[in-house]
Amino acid sequence: MATSKKSTQRLDGEAHNRLTTSAQESSSSANSSLSSMFLDRNRKLDSAAENRSSTSCDAIENKERKIDLSGIEGEQSDKRDLASCSSTKKSLCEVCGSEWSQEEATDFACYTCYEFYWRSKELRKLYYCQFSGTCMLDNTKIKNCEYCRAKKHLGLDKKLNKEQLKKLESEPFDLSMVQTLRIKYQQKEVERLADYEFLLTISHSHYTNCDYIAMKTKKIMLHPAISIEKESQECSSKIADATCSEQQKHSIFECFLGFFAKNINSIVKFAKQIPAFLEFSLQDQRIMLKSNYIGIWMLHLSRTSELLPNALIFSDGSYFTRQQLEIMYHFELVDLIFESISSLTRLRLHDDEVGLFSALLLFQPDKPGIGDRDAARIYYKKICKALELVIRINHGNKDEIFAEFINGIPQLQSLHTKHDEMLQMFGRNKEESSKFAAIIKESFEQTFA
Ligand SMILES: [Zn+2]
Ligand SMILES: [Zn+2]
């Protein structure tokens, strides 16, 4: 049937071309006789096609083509017949909800959705949703939200592949190599889909919880976190130098603590929105966060570091100068903070890479005390693999970016240790120590209650 239809269309095309050429060369009478010859031929071909057609829909399609050419009345009613008949051949795309023809079949989605999904999956494209991943509730919105579109398609694809795997495994085992290979291929496919889903959740969680993504920091307005005036007022000449420096330290510390708490909370939220992270025991989750948050924090701060040299700039534009930090922290620690930030800045990372690197730090399997080290190692490897691909796509063949980040991890770890030591040092000042401890406790302990 399809062949006969195609040949009809091809012949129609040839006849039409000849008709057009003739129209330019011949008189109007010659033209009209050629037209009627063409119409007759067309009717014959159509009626032959109609006789061969096996379905009533095809018959109506052919009939309509004939009616169009001859201009006979009753066209409207035939068109209605065609529309109702066509609708039986179409179904709704399970992803975007639009109507699609079964001829472009991709199991459950329209061709546009399938193409978008295939490209996203193969290139490990990472998206995020501005509406907390709920666009799937409204089919009119889903085409605008790449994250929800990819996620919904991925869910359906995963379900289908799992069903196929189950079916294959339930078939009587005939010891043939073919069946074994088919099962292995299907298992691999299910695994690949789960990997992509894992990466998508990291990306979405990063965009949702991190205040340092390019879109947000682009509009940043810089202003001192603590005004110099306030500092100097508190430090009037009547007060002795030692008291003055203690007061300065205290006011910088008080102010800094607020920003620190906000950042730590966003890192905790980032982790807790990744389903793979929640698979770990509460004890493991605590260790993973507590031993890696400084590295992730540095990654965040590296996003704003070029706006003002020698300053720590928070996402709302508030900044602390290096001198202010040196009053609060030790010189050595401040040096290490700025060194870490500048080496991360040099990598020129994209937002999706910052999200993946944050997750890479979080899932490091070698942290002392982690119970499920094997699971952490598996996730860590998945992130490494994805990062290598994403970096290649974003930066061309600059493989050294990945290597440089990995080589920089010990520096971040040493910063983390020094920061922990600094927290212990605050023990000399009971009040400050307890405030820092409260922030840490609130972020890492109470959130797991
Ligand atoms: Zn669709
Ligand atoms: Zn969405």
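Tutor: Let us begin with metal sites. Donors are N, O and S atoms within 2.8 Å of the metal (3.2 Å for Na, K and Ca); water is not among the atoms, so sites may look incomplete. This is a predicted model, in which local features need pLDDT of at least 70 and side-chain atom pairs count only at pLDDT 80 or more, while totals for chains, interfaces and linings use all residues. Residues are numbered from 1 along each chain as its sequence is written, chains are lettered from A and ligands numbered from 1 in the order in which they are written, and side-chain values use heavy atoms, with hydrogens and water left out.

Student: Which residues coordinate the zinc ion (ligand 1)?

Tutor: The SG atoms of C93, C96, C110 and C113 coordinate this ion, at 2.3 to 2.4 Å. Along the sequence, the spacing of these donor residues is C-x2-C-x13-C-x2-C. C93 lies in the loop between strand 1 (90-92) and strand 2 (99-101), whereas C113 is in helix 5; the pair, 20 residues apart, links distant parts of the chain. Helices (H or I, at least four residues) and strands (E, at least two) are DSSP runs, numbered from the N terminus.

Student: What is the geometry of the site of the zinc ion (ligand 1)?

Tutor: Ideal angles at a metal are 109.5 degrees for four tetrahedral donors. In practice, four donors count as tetrahedral if all angles lie between 85 and 135 degrees. The four donor atoms here make angles of 103 to 117 degrees, and the site is tetrahedral.

Student: Which protein donors hold the zinc ion (ligand 2)?

Tutor: They are the SG atoms of C129, C135, C145 and C148, lying 2.3 Å from the ion. Their spacing in sequence is C-x5-C-x9-C-x2-C. The site of ligand 2 is tetrahedral as well, with angles of 106 to 115 degrees among its four donor atoms.

Student: Are cysteines of these sites buried or exposed?

Tutor: Buried means under 20% relative accessible area, exposed over 50%, and partly exposed in between (1.4 Å probe, protein chains only). C93 and C113 are both buried, and so are C145 and C148. C96 is likewise buried, with a relative accessible area of 5%.

Student: How many disulfides are there?

Tutor: A disulfide is a pair of cysteine sulfur atoms within 2.5 Å. By this rule the count is zero.

Student: Where do K188 and E191 lie?

Tutor: An α-helix has 3.6 residues a turn, so residues three or four places apart point the same way. K188 and E191 both belong to helix 8 and are three residues apart, about one turn of the helix. They form a salt bridge whose closest N and O atoms are 3.9 Å apart. A further salt bridge joins the side chains of D211 and K216, at 3.7 Å from N to O. Salt bridges that share partners also join K121, E122, E189 and R192 into one network.

Student: Why is helix 14 described as largely enclosed by the rest of the structure?

Tutor: Helix 14 (residues 293-301) is so described because nine of its nine residues are buried. Among them are Y293, W297 and H300.

Definitions and conventions:
Four donors count as tetrahedral if all angles lie between 85 and 135 degrees; four count as square planar and six as octahedral if opposite donors are over 155 degrees apart and all others between 65 and 115; anything else is irregular. A salt bridge is a side-chain nitrogen of Lys or Arg within 4 Å of a carboxyl oxygen of Asp or Glu.
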